[in-house]
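Grab a pencil and work through these exercises with the structure in view. Try each task yourself before you read its solution.

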Amino acid sequence: MGAFLRTMGRGFLSLGGFVAEQQPRILLVGHAAQGKEVAGRLCARLGVAAVADCSAFALEGDKLRCTRPIFGGSMLTTALATGSPALATVRPKAFARLPEQAGRQGETLARNLVAQWRAAP
């Protein structure tokens, strides 16, 4: 992970620029070591807060309601992510894999952040 953290500086600026360009309402990031680092840096760059280690989500108007475990998982609490974008980290295996639906496709926005990172001064 050390190499990831050392090289993240300029590459992270490319990711922050991509998020600023696309202006998503919600950002979900994996709650693993690298995901937590990315989420924290994005929060600082975008001026929003994150809700960490979430296991369930619901939209409540323009806010994201996040459910997360506390006290070693013995209780659950909810928090509202009110910033724009709403940013949360998702705990591993929080969701079951959905069965494939024939003909259904999502939109992929591709950017070569590595090339942008290498080109940055």
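Before you start, one term: a residue is buried if its relative accessible area is under 20%, exposed if over 50%, and partly exposed in between (1.4 Å probe, protein chains only). Keep in mind that this is a predicted model, where local features need pLDDT of at least 70, side-chain atom pairs count only at pLDDT 80 or more, and totals for chains, interfaces and linings use all residues. Residues are numbered from 1 along each chain as its sequence is written, and side-chain values use heavy atoms, with hydrogens and water left out.

**Exercise 1. Is Thr67 buried or exposed, and which residues does Thr67 touch?**

Step 1: Find Thr67 in strand E4. Helices (H or I, at least four residues) and strands (E, at least two) are DSSP runs, numbered from the N terminus.

Step 2: Check the accessibility. Thr67 has a value of 17%, so Thr67 counts as buried.

Step 3: List the contacts, meaning heavy atoms within 4.5 Å. Leave out residues up to four places away in sequence, and Thr67 touches Cys54, Ser55, Ala56, Leu76, Thr77 and Thr78.

**Exercise 2. Describe the overall make-up of the protein.**

Step 1: Count the elements. There are three helices and six strands.

Step 2: Along the sequence the pattern reads α-β-α-β-β-β-β-β-α.

Step 3: Look at burial and surface. Of the 121 residues, 24% are buried. The accessible surface is about 8300 Å², and carbon and sulfur atoms account for 54% of that; these areas come from the Shrake-Rupley method with a 1.4 Å probe, and for residues only the protein chains shown count as cover.

Step 4: See how far apart the contacts reach in sequence. Take the contacts between residues at least 6 apart: 62% of them join residues at least 24 apart.

**Exercise 3. What does the side chain of Thr89 meet?**

Step 1: Go to strand E6, residues 86-90, where Thr89 lies. With 4% relative accessibility, Thr89 is counted as buried.

Step 2: Look for polar contacts. Such a contact is a pair of N or O atoms within 3.5 Å; within protein, one must be able to donate a hydrogen and the other to accept it, and residues adjacent in sequence count only if both atoms are side-chain atoms. The side chains of Thr89 and His31 make one at 2.8 Å. A polar atom of the Thr89 side chain also lies 2.7 Å from the backbone nitrogen of Asp53.

Step 3: Widen the view to other contacts. Setting aside neighbours within four places in sequence, Thr89 is in contact with several residues, including Val29, Val51, Cys54 and Phe57.

**Exercise 4. How many salt bridges are there, and where does Asp53 find a partner?**

Step 1: Recall the idea. Side chains of opposite charge can pair when their charged atoms come close. The rule used here asks for a side-chain nitrogen of Lys or Arg within 4 Å of a carboxyl oxygen of Asp or Glu.

Step 2: Count them. The rule gives four salt bridges.

Step 3: Start inside a helix. Arg41 and Glu37 form a salt bridge at 2.5 Å, N to O. Both sit in helix H2 (residues 33-46), four residues apart, about one turn of the helix. Arg41 is partly exposed at 30%, and Glu37 is partly exposed at 24%.

Step 4: Now take Asp53. Its salt bridge is with Arg91, where the closest N and O atoms are 3.1 Å apart. This pair links distant parts of the chain, 38 residues apart: Asp53 is in strand E2 (residues 50-54), while Arg91 is in the loop between E6 and helix H3 (113-119). Asp53 is buried at 15%, whereas Arg91 is partly exposed at 33%.

**Exercise 5. Which disulfides does Cys54 take part in, if there are any?**

Step 1: Apply the cut-off: a disulfide is a pair of cysteine sulfur atoms within 2.5 Å. A search of the whole structure turns up zero disulfides.

Step 2: Check the distance. Cys54 is in no disulfide, and the nearest cysteine sulfur, that of Cys66, is 4.1 Å away.

Step 3: Compare burial. Cys54 is buried at 0% relative accessible area, and Cys66 is buried at 0% too.
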